[in-house]
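Hello,

Here is the model I promised to pass on to you. Please have a look at it first, and then read my notes below.

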Amino acid sequence: MKRVVSLYLPNWSTDRLRRMTGDAAPRADAPLVVVGRDGSRRIVTAADAAAAALGVRVGMPAAKAQALAAGLEIRDADPAGDGEALERLALWILQRIAPIVAADPPDGIVIDTTGADHLHGGEAAMLDGLVGRLAMWGVAARAGVADTWGAAHALARFGADGTRIAAPGHDRSVISGLPIEALRLPAGMPAALRVLGFERIGDLIAQPRAPLALRFGPQLGRRLDEALGHAAEPIAPIRPADLTEVRRAFAEPISAAETIARYLGKLVNTLCLELERKGEGVRRLDLICQRVDSRAQAIRVGMAKPVRDVKRLTRLLCDKIETIDPGYGIEMLTLCAIIAEPLEARQIATSLIEETEPDISDLVDTLANRVGERAIYRAAPVASDVPERSVSRVPALAPDTGATWPDAWPRPARLLLTPEPVETIALLPDHPPVSFTWRGVRRRVRRADGPERVFGEWWKRDAELLAVRDYFRVEDEAGERYWLYRAGDGENEATGSQRWFIHGVFG
């Protein structure tokens with residue numbers, strides 16, 4: 001099932017200006033608008049949230065906007081600059097999200113995520129991460145996900161705020177209630193349709209096509225068919241100038257998995273020769289299958305480190321052939337090294353001279369491409385005394401920094417994601433609990449060690465200025481050992497709630 005994401009950037013022009021630095025940057029404390037020309041008139045073409053709160057609207061004369069908002073920062077429209085920045089953002093998304101990405105000027109990006117969302121933890125997690133990253137950069141974004149570009153575009157721009165995800169295989173009801181402007185019609189056509197009484201897309205779907213085509217031309221019917229999935233709307237993916245790619249066109253379309261695998265091996269071999277000539281290895285590899293019905297099928301594989309091994313790359317791609325729907329046949333295969341990094345040839349010394357380190361990158365690559373990159377990681381120490389902050393997830397083959405956890409006090413083999421409250425009987429302020437009840441089971445403590453006092457990190461949050469925790473290692477009558485702590489010093493309420501929690505289990 002094809003899945004398309006439409007990313008809508010409602011304040012792209014002003015957000016781009018806000019991210020500028022130096023003398024050209026607008027004042028941070030001033031409302032900002034972008035002004036362009038409509039004939040001989042100067043009108044507002046974009047306004048940030050601060051300007052909108054003062055009553056400034058897109059399409060308003062520039063003179064009226066200046067009268068409404070004191071201290072308004074005005075910049076001339078720069079469509080070329082906006083377009084170049086949009087293409088740079090599309091390239092960034094291409095390298096990190098999905099194989100087929102294209103700019104959707106003036107304020108959008110379209111992404112074909114078919115077969116790629118599982119690598120990011122699903123559609124919802126993928127979009128949360130993408131929209132969240134853009135928000136960190138100061139770029140407001142909304143997203144719509146549907147089976148067609150037209151439906152996703154409509155949901156992103158005219159649906160509710162935030163992310164709208166239509167279920168796979170959805171029907172026309174997903175867009176029926178949206179205004180007719182959501183169909184990407186030429187300027188003036190929505191107004192003419194409203195004169196005839198059409199308000200929603202559903203009103204147009206219910207009408208015979210011939211009278212509408214006679215009055216408005218074929219574009220109205222084509223936009224409806226594209227949004228409903230009755231007509232193909234191919235996405236022309238953006239490509240960086242220095243991209244390493246190879247392709248193979250076929251006189252007769254191919255569809256059998258064995259045939260695809262055979263030509264994949266040839267393409268990978270050609271690609272690796274080109275990468276060797278450049279002294280590079282591939283970290284992210286895309287295969288785009290162009291079908292005879294103008295639809296594209298794409299698969300993506302990622303590697304933990306640069307790779308130029310023909311057998312490994314061929315196997316990783318062939319493992320995903322079953323996800324390709326060839327339709328009536330594939331007329332072209334394109335193999336792209338979306339992310340390539342330097343990889344110099346290295347002579348392998350004989351084991352008689354030095355001990356060779358085992359290479360598990362092939363195993364990591366196989367697992368990561370099956371269950372997703374986020375599911376394969378290792379724990380790395382972080383300089384923090386607070387236990388839940390002292391560990392981070394890093395890529396499985398990330399270089400070792402040499403950092404270690406403090407070994408003055410032992411740490412549990414299993415640290416709970418969040419501490420869970422327990423009921424205890426304990427003598428304050430410094431004694432361990434005599435017994436505790438966790439998850440409905442009462443456990444009597446036979447041995448205990450502690451307390452180990454952990455102070456809050458006051459430089460991160462003012463609320464942690466006085467906060468402390470007293471940790472105890474306890475062992476119950478069955479020989480099971482747990483890591484408990486009391487929030488507070490047992491005397492001063494300002495240091496914590498004095499409640500008890502379990503934070504980990506020893507092996």
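Helices α10 and α11 are oblique to each other, as the term is used for angles that are not under 35 degrees (roughly parallel), over 145 (roughly antiparallel) or 65 to 115 (roughly perpendicular). The angle between α10 (residues 209–216) and α11 (residues 218–228) is about 130°, and their axes lie 6 Å apart. Axes here are lines fitted to C-alpha atoms, for helices over the stretch in contact, and angles run from 0 to 180 degrees between N-to-C directions. On the α10 side the contact (heavy atoms within 4.5 Å) is made by R209, L212 and F216, and on the α11 side by P218, L220, G221, L224 and D225. Helices (H or I, at least four residues) and strands (E, at least two) are DSSP runs, numbered from the N terminus.

Before going on, a word on the source: this is a predicted model, where local features need pLDDT of at least 70 and side-chain atom pairs count only at pLDDT 80 or more, while totals for chains, interfaces and linings use all residues. Residues are numbered from 1 along each chain as its sequence is written, and side-chain values use heavy atoms, with hydrogens and water left out.

Now to the sheets. Five strands make an open sheet with mixed pairing, in the order β5-β6-β1-β7-β8; two strands pair if DSSP finds at least two bridges between them. At its edges are β5 (100–104) and β8 (163–165), each pairing on one side only. Neighbouring strands in this sheet are turned by 15° against each other on average, direction ignored. Helix α6 packs on the sheet and touches β1 (4–8), β5, β6, β7 (142–146) and β8, with its direction at about 150° to that of β7. Between β5 and β6 (residues 108–112) there are five bridges in the antiparallel sense, and I100 stands opposite D112 in β6.

The other sheet is open and mixed too, with three strands in the order β3-β2-β4. Its edge strands are β3 (41–47) and β4 (73–76), and the twist averages 40° from one strand to the next. Strand β2 (residues 32–38) runs parallel to β4, joined by four bridges, and V34 stands opposite R75 in β4.

Finally, which residue of α6 would I show you? W149, in helix α6 (residues 149–158), counts as buried at 14% relative accessibility. Beyond its neighbours within four places in sequence, W149 is in contact with residues including V4, D104 and R184.

Best wishes

Terms used. Buried means under 20% relative accessible area, exposed over 50%, partly exposed in between (1.4 Å probe, protein chains only).
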